[in-house]
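Hi,

Here is the structure I promised to pass on. Have a look first, and my notes follow below.

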Amino acid sequence: MTTLITGGAGYLGSVLALRLWRAGARVRVLDNLSHGAAGLLALFGRENFEFVRGDLREPEARRAALAGVDAVVHLAAVVGDPACAREPELARAVNLDAALALYEEARRAAVSRFVFASTCSNYGRMADTSAHATEETELRPVSLYAETKVAVERALLDPKSARGGCDAVVLRFATLYGHSPRMRFDLTVNQFTAEMLVRRGLTVFGEQFWRPYVHVRDAARAVNLVLDAPRARVAGRVFNVGDTGENYRKIDLVELIRGQVGEADVRFVRRDEDPRDYRVSFERARRELDFQIERRVPDGIAEIAGALRCGLYTNFEDAIYHNTPPPDATAKVAGVVEGR
Ligand SMILES: NC(=O)c1ccc[n+]([C@@H]2O[C@H](COP(=O)([O-])OP(=O)(O)OC[C@H]3O[C@@H](n4cnc5c(N)ncnc54)[C@H](O)[C@@H]3O)[C@@H](O)[C@H]2O)c1
């Protein structure tokens, strides 16, 4: 069994690659290393692990990556609303055009399962947040990022796509948190914890809006479950990945973090509108795949705070930990490049 993970050097991909490899799979990663190679260093040079450095937009890179593959987990993307807003053409080319090309070529290459990483952001702003969005809830993408995800979902779930025996499965992940070999400090739980612990200050926009969260290792376990599940249970299906008890408002996160790291100067900037305000039900994955999370947000806060306290990260604001570098980090990187 050879599994191709596109974006396997990324935050989720590097955790998943290690997990599948440890479980005995042959793992191939296609990645252009746009956020560095740290995520793959533990696997590089190991038996049953292959790395193809390439750009998903290039047919030759896709061909090399797909040769002899049984399953594809498609994670590579321009990830997040700010990153897509900053480079909209790139976002469309990678997240939409190249994703559809990869799926089409995977079908032709007789790949049996294609797992697509989508997002709960697709639910957008819900009219009634006292209700929980399920996989059947109408999608209301409110960013280019979510629009590209919804468009790929629709193409993959089109009944015509099922021809040829390549089973598409869509996973709508909650917002991830926790430690990864390719660390991200631009994800809410990680970022809030770092700012409150290290900077002792944080500005929170729209503290009353809801979102679901899931630990990156639980998310990787969900992908593993889907790869191993019987065809009839997952083919052509959508699963939200998370836990219904893990929907939080930002203000709840601040209180949880404060309880673990102590006082910080937190400034709330009230917003009456947030395009992403949603609570999500994760009952389908629990019922049909027996997926249950092993970590909750407080565990993730403890994990991140512990890593920062013991000095694992000397500068969490470094651009390498952010998909859209904070303004001062951009200046720092530009300075280094110009200085060469
Ligand atoms: N992180 C989250 O909270 C979250 C939530 C929901 C869904 N997702 C989805 O999960 C997937 C992984 O997200 P992540 O947090 O690991 O992001 P990430 O940015 O850490 O990883 C993306 C990886 O894709 C690679 N990549 C980007 N463009 C490429 C290209 N043109 N060719 C080859 N490789 C390319 C990058 O180098 C990177 O290693 C994405 O599809 C994302 O939309 C993530």
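Predicted model: local features only at pLDDT ≥ 70, side-chain atom pairs only at ≥ 80, totals over all residues.

Let me start in the sheet: Y177 stands opposite H215 in β9. I take helices (H or I, at least four residues) and strands (E, at least two) as DSSP runs, numbered from the N terminus. Before the rest, two bits of housekeeping. Residues are numbered from 1 along each chain as its sequence is written.

β7 and β9 pair in the parallel sense, over 3 bridges; for two strands to pair, DSSP has to find at least two bridges between them. On to β11: 3 bridges join it to β9 (residues 210-215), and these two run antiparallel. P212 has N247 of β11 as its bridge partner, and R211 stands opposite Y248 in β11. Put together, that is an open sheet of 3 strands in the order β7-β9-β11, with mixed pairing. β7 and β11 (247-249) are at the edges with a single partner strand each, so one side of each has no neighbour in the sheet. On average, neighbouring strands here are turned by 50 degrees against each other, direction ignored. As for β9, 5 of its 6 residues are buried, so the rest of the structure largely encloses it. Buried means 20 or more other C-beta atoms within 10 Å of the residue's own, exposed means 12 or fewer, and partly exposed is in between, with C-beta atoms placed from the backbone.

**Around the ligand**

Which residues come nearest to the ligand? Of the 30 around it, they are G7, G10, Y11, L56 and F173. A residue counts as near if its C-beta atom, placed from the backbone, lies within 6 Å. Two or more residues of the shell come from each of α1 (11-22), β2 (26-31), β5 (113-119) and β7 (175-177). α1 gives the most, with 3 residues. By class the shell has 16 nonpolar, 9 polar and 5 charged residues.

**Helix packing**

α1 also packs with helix α7 (residues 216-228), at an angle of about 55 degrees and with the axes 9 Å apart. Axes are lines fitted to C-alpha atoms, for helices over the stretch in contact, and angles run from 0 to 180 degrees between N-to-C directions. α1 and α7 are therefore oblique to each other; under 35 degrees would be roughly parallel, over 145 roughly antiparallel, 65 to 115 roughly perpendicular, and the rest is oblique.

Helix α6 (residues 188-199) and helix α11 (residues 297-309) pack at about 50 degrees, with their axes 9 Å apart, and are therefore oblique to each other.

**Loops**

G39 is in the loop between β2 and β3 (49-53) and counts as buried, with 26 C-beta neighbours inside 10 Å. G39 and S180 are 141 residues apart in sequence, but 7.5 Å apart in space, C-alpha to C-alpha.

Most residues other than glycine have a negative phi. A110, in the loop between α4 (88-108) and β5, has a positive phi near 60 degrees. D290 has a positive phi of about 60 degrees and is in the loop between α10 (283-289) and α11.

Cheers

Note on methods. Nonpolar A, V, L, I, M, F, W, Y, C, P; charged D, E, K, R; others polar.
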